[in-house]
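Have the model open while you read.

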Amino acid sequence: MRVGIGHDTHRLAAGGPLRLGGVDIPHERHAVGHSDADVLLHAVTDALLGAAALGDIGELFPDTDPANKNRDSAEMLRQAASRVAAAGFVIRNLDCIVFAERPKLGPHKQAIRHRIAEILSLQPSQIGVKAKTGEGVGEIGREEIIAAQCVALLETNDQ
């Protein structure tokens, strides 16, 4: 068994929607980044790569490469998962936390779980998604940033 942790943070700016976990959520703010700035999929990608000791998202998809401008984070995650599988690992589960003051993510968590499961060819029961606010404190509470963390559990594929 191997465990990896991923974290990502993006600034928020005016204009929506907010892309999170591969789902466009109606909101008046969006995440700013070189790719599509999906903070949750970036954290998942880093967790998987870290668990397999395959580097990180910045090494695989550097923001200095014009090919990564506005890149779909779902495709980046698929490529990382393919490398993880090629290294001999099977994804057993993911546990994710999104840190955002708004929008309230409760109504969207199931769609996010299902989308991540679809991207990775997993069952939604293998994906945990939780949401936490900043309680009005700090950069998250002031809605300046959005952040996400993910823990991934991999198992050696002994077939």
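## H1 against H4

In this predicted model, helix H1 (residues 39–51) packs on helix H4 (residues 109–120) at an angle of about 45°, and their axes sit 12 Å apart. Axes here are lines fitted to C-alpha atoms, for helices over the stretch in contact, and angles run from 0 to 180 degrees between N-to-C directions. Helices (H or I, at least four residues) and strands (E, at least two) are DSSP runs, numbered from the N terminus. That angle makes H1 oblique to H4; the scheme calls angles under 35 degrees roughly parallel, over 145 roughly antiparallel, 65 to 115 roughly perpendicular and the rest oblique.

Who touches whom? On the H1 side you'll find Leu40, Leu41, Val44 and Leu48, and they meet Ile112, Ile116, Ile119 and Leu120 in H4, with contact meaning heavy atoms within 4.5 Å. Sorted by class, this contact of H1 with H4 has eight nonpolar residues, no polar ones and no charged ones. For those classes, Ala, Val, Leu, Ile, Met, Phe, Trp, Tyr, Cys and Pro count as nonpolar, Asp, Glu, Lys and Arg as charged, and the others, Gly among them, as polar.

## H3 joins in

Helix H3 (residues 73–86) and H4 have axes that come within 9 Å and cross at roughly 50°. That makes H3 oblique to H4, and the crossing of H3 and H4 is right-handed. Ala74, Leu77, Arg78 and Ala81 of H3 make this contact with Arg115, Ile119 and Leu120 of H4. By class, that gives five nonpolar, no polar and two charged residues.

H1 and H3 also have axes that come within 9 Å, crossing at roughly 10°. The two helices are therefore roughly parallel to each other. Residues in this contact include Leu41, His42 and Thr45 of H1, along with Ser73, Met76 and Val84 of H3. The contact of H1 with H3 divides into ten nonpolar, three polar and no charged residues.

## The sheet

Now for the strands. Five of them form an open sheet in the order S4-S1-S7-S5-S6, with mixed pairing; two strands pair if DSSP finds at least two bridges between them. Strand S4 (29–32) and strand S6 (127–132) are the edges, each pairing on one side only. Neighbouring strands of this sheet are turned by 25° against each other on average, direction ignored.

Strand S5 (residues 89–99) and strand S7 (residues 145–156) run antiparallel and are joined by ten bridges. Asparagine 93 stands opposite leucine 153 in S7.

## The whole chain

The protein chain has five helices and seven strands, in the pattern β-β-β-β-α-α-α-β-α-β-α-β along the sequence. Its C-alpha trace spans about 50 × 35 × 25 Å along the principal axes.

Residues are numbered from 1 along each chain as its sequence is written, and side-chain values use heavy atoms, with hydrogens and water left out. Local features need pLDDT of at least 70 and side-chain atom pairs count only at pLDDT 80 or more, while totals for chains, interfaces and linings use all residues.

Technical notes. A crossing is left-handed if the near helix is turned anticlockwise from the far one by less than a right angle, and right-handed if clockwise.
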